[in-house]
Amino acid sequence: VQKIHRGAEICPHCGFSLSLANQSFVREETRISTLSDIVGILRMKDRLLVQKCMQKFSRRFPQFFFALYIRSFAREADLRQYGFWVLNRAVFFDLPAQLTNASGILLVMDADHRLAGISFGYALDAYLDEEDTMACLLKAQSLWMECQYAAGIIAVIKHLETILIRKHKMLRKNPQPFAQKVSPPNQVISSAKPAPRRVESRHSTEEEGR
Amino acid sequence: MKAKLCLSLLCCGIVFSLLAPTPAQEAQAEAEAEAVVEWEPLPQWSQDDLTKIEKGENLISGELFDIAEAQEQPAEALDLPLPGPEIVDDTPSTDIPETALAAYAQSDPLAWLIDPQKILSQQQFLDAENFLQYHSGVSKIDIHVYLFDRDQIIPASLERSALIAKHAKKDRETAVIFYFYESPERTEMNFGEATRRKIGDFERKRCLVSSIQAAVGKSQPEDQLEGLCVQMSIMLYRLEKALKQGIDLTAADTLTNQNEQQGKASPFAKAIQLWGTTQSYRLRVASALLLIGMAWIIFAVRRSRRSYTFEEFDIPPRLGGDHGAGVGAVISYLPYERKRKNSDRG
């Protein structure tokens with residue numbers, strides 16, 4: 001993943017933007033559920049377990065929601081592009097009225113090519129980064145390899161909870177690093193306190209692109 | 001063989017015949033014995049006695065009879081009590097003599113043992129007093145003992161409160177015991193006003209019951225008094241130690257009062273009371289661990305049900321996305337065998 005300027009409208013490396021993604025995925029369904037298993041790899045019992053876990057996540061973090069989208073692609077697609085497009089264009093019909101897609105964490109799984117990726121909205125920009133999402137996916141990787149999909153998804157959600165609780169503690173102690181992370185590129189925060197190491201490593205005026 | 005036997009018998013006979021005394025020797029020995037023994041002279045009649053005997057008068061008995069008759073008193077002078085069950089009064093008196101009551105009331109405030117009725121022997125009195133004096137030297141709670149007889153009843157005229165107040169001191173605590181000799185179960189114990197406020201009624205009763213049990217276990221009355229004093233001293237030392245540690249000894253009183261008001265003690269109050277009174281450290285440790293475990297469970301449950309709210313920041317859109325441009329990691333979860341096959345094909 002290359003890092004681009006926070007104010008970039010398009011990727012300076014490949015020219016990717018949402019309009020390009022719209023052209024790529026124009027035929028896709030945009031009205032989906034937060035738990036969409038198009039290919040049906042989850043059994044009913046597993047589905048209930050995952051649903052329960054997602055509800056618990058929503059209860060603990062009422063500002064956010066977790067969405068799962070499992071499908072298969074005819075050819076190997078770029079899950080980052082697809083996740084970005086779904087998060088911006090999809091309408092989650094079972095989402096509470098007070099929440100928007102900006103507060104969502106989307107796990108996209110390609111059942112055919114056995115790929116999984118995580119995308120998240122602007123509300124989580126300050127609290128999540130690529131390392132965190134990688135740690136979540138690694139928790140589930142071995143389970144998914146053994147086709148224990150539900151267990152893997154639940155492991156992802158549990159680890160996300162752990163990370164967000166840790167970030168919440170850090171936010172209460174010192175919110176400055178989080179504000180600095182998402183501040184506009186021309187704004188300089190002179191009185192910023194030294195941030196914790198994990199967060200500081202990702203703090204810059206750059207943001208990840210594709 | 002027979003010849004040998006006959007020969008030996010013959011020899012023995014000869015030896016015995018040689019050793020046996022001859023008749024001449026026997027006669028000589030008897031003469032010597034008669035010469036050694038001197039017989040006492042026979043009694044001789046005096047001339048007066050002989051005269052009396054001749055006249056037919058008694059020599060001794062008459063005088064003896066005269067003496068007995070002279071000592072004999074007339075029957076009407078005797079005032080013997082008439083025998084009968086109604087006259088015999090075995091029931092002990094419950095009253096305290098007036099002089100003793102006055103002595104109790106006017107006793108020395110510094111005296112450790114007050115026994116104006118002299119119930120104890122001097123040695124017993126000194127032993128008991130020495131012990132009480134020794135106790136006052138090692139403890140800040142003095143013991144004053146008023147001694148009464150077994151069945152005596154303290155009259156209303158002898159006010160206990162006045163006796164207790166008499167022994168009150170500024171810098172020391174006071175315990176006053178009313179002890180009934182040979183009847184330790186009737187023992188009464190009271191603290192001074194200031195001490196009672198600190199220690200409370202529950203602890204006072206504990207002290208008293210424990211001391212009475214120690215005394216009742218003894219068979220001898222003097223041992224009973226000693227046992228009671230020793231046990232009382234031990235219990236008061238414990239109370240003193242608890243007061244030093246800042247333990248509220250009146251807490252049990254409050255609980256007891258509440259329980260009495262409620263009619264029946266609640267299990268929680270009983271547990272608290274047991275916690276305060278138990279001497280077993282194992283029980284205390286187990287209770288503490290149980291409490292910690294329960295607290296941890298409550299904390300864990302509350303933590304799991306807690307909701308987290310995050311601060312919201314204004315973030316300008318990127319890459320044309322209205323809701324988000326945060327792209328995270330992507331992984332492959334292909335089994336190792338398939339990965340290898342794919343790479344081989346490639």
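B:Phe310, B:Leu319 and B:Tyr333 supply 22% of the area that chain B buries against chain A, more than any other three residues. The model is predicted: local features need pLDDT of at least 70 and side-chain atom pairs count only at pLDDT 80 or more, while totals for chains, interfaces and linings use all residues. Side-chain values use heavy atoms, without hydrogens and water, and residues are numbered from 1 along each chain as its sequence is written, with chains lettered from A in the order in which they are written.

**Interface**

- Contact, meaning heavy atoms within 4.5 Å, links 34 residues of chain B with 62 residues of chain A.
- On the side of chain B that touches chain A, α12 (281-305), β5 and α13 (336-345) of chain B each supply at least two residues; helices (H or I, at least four residues) and strands (E, at least two) are DSSP runs, numbered from the N terminus.
- The largest share of that side, seven residues, comes from β5(B).

- An open sheet of five strands, with mixed pairing, has the order β3(A)-β4(A)-β6(A)-β7(A)-β5(B); two strands pair if DSSP finds at least two bridges between them.
- β3 (35-37) of chain A and β5 (326-332) of chain B stand at the edges with a single partner strand each, so one side of each is left without a neighbour in the sheet.
- β7(A) and β5(B) pair in the antiparallel sense over five bridges, and A:Ala116 has B:Ile331 as its bridge partner in β5(B).
- Within chain A, β4 (residues 65-71) and β6 (residues 104-110) run parallel and are joined by seven bridges; A:Met109 in β6(A) is the bridge partner of A:Ile70.

**Helices across the sheet**

- Helix α4 (residues 130-145) of chain A lies across β6 and β7 (115-120) of chain A together with β5 of chain B, at about 25° to β5(B); axes are lines fitted to C-alpha atoms, for helices over the stretch in contact, and angles run from 0 to 180 degrees between N-to-C directions.
- Helix α5 (residues 149-173) of chain A lies across β4, β6 and β7 of chain A, running at about 150° to β4(A).

Methods: Buried area = accessible area lost by both parts, 1.4 Å probe.
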